[in-house]
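Dear colleague,

Please find the structure below.

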Amino acid sequence: FKARPTTDFAREALFNVLDSEYEFDDSSIDNTENYFDAAMNGTATYSSSIKSRLKSGEKYLSLNGSDNYLSLPYQVGNQSEMTICTWFYTISSHGNWQRIFDFGNGTDHYMFFTPNSGSDARLVLKNGGDEQILKAPKMNSTTMKHLAITIGADSVCIYLDGELVASTSDITIRPSDFKPVLCYIGKDCECRDTESENAQHA
């Protein structure tokens, strides 16, 4: 799981600037010099049963869909432009609305991504008013998939395994507008859905 500011695209291209990077290789430490280590809530389970030749590290973090999830420092989510990327797979028995990430401050201010809402994958942002939603095809998979979400100055895009699957210039909310304090992997910031269980991250 990686997050990076993308305000200066030239600088990113030259120096591969990362805001945070988590390999989940038996730990939830941040590999960057920012030391934005994640806090594990519940018992961490790391496994190497599913591998990707392209993923850095040897293991992945398995979240059980009930009582374990990660909390990231608030600085990770408080960006006007950013790219979030991760390897993941889902467990169908956990139902719809599994969270890859959910950054927010409760029921009125948030940004989250679910690979399956029941009808599609969704990136959802809300800043006190109506939700702004970018939809993509459902992403149920029992094999590791690479997800990248870019939030730029003029557009928001979703990539799956390097392929653009959704984009829009209609989303105007940015995380820095509501300054999320709760930044979770595998959990929603507030009980907005009946089921909001977790996916597996690498």
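How far is the sulfur of cysteine 183 from the closest cysteine sulfur? The distance is 7.0 Å, to the sulfur of cysteine 189, which is too far for a bond. With a disulfide taken as a pair of cysteine sulfur atoms within 2.5 Å, the count comes to zero disulfides.

This is a predicted model, in which local features need pLDDT of at least 70 and side-chain atom pairs count only at pLDDT 80 or more, while totals for chains, interfaces and linings use all residues. Residues are numbered from 1 along each chain as its sequence is written, and side-chain values use heavy atoms, with hydrogens and water left out.

Cysteine 183 is buried, at a relative accessible area of 1% (buried means under 20%, with a 1.4 Å probe and protein chains only). Cysteine 157 is also buried, at 11%.

Cysteine 183 lies in strand S15, residues 182-185. Strands are DSSP runs of E, at least two residues, numbered from the N terminus, and two of them pair if DSSP finds at least two bridges between them. S15 pairs in the antiparallel sense with S6 (residues 69-72) over three bridges, and likewise with S8 (residues 101-104) over three bridges. Opposite cysteine 183 stand leucine 72 and phenylalanine 103. Serine 71 has tyrosine 184 of S15 as its bridge partner.

These strands belong to an open, antiparallel sheet of seven, in the order S3-S6-S15-S8-S9-S10-S11. S3 (39-41) and S11 (132-136) stand at the edges with a single partner strand each, so one side of each has no neighbour in the sheet.

Yours sincerely

Conventions: Helices (H or I, at least four residues) and strands (E, at least two) are DSSP runs, numbered from the N terminus. Buried means under 20% relative accessible area, exposed over 50%, partly exposed in between (1.4 Å probe, protein chains only).
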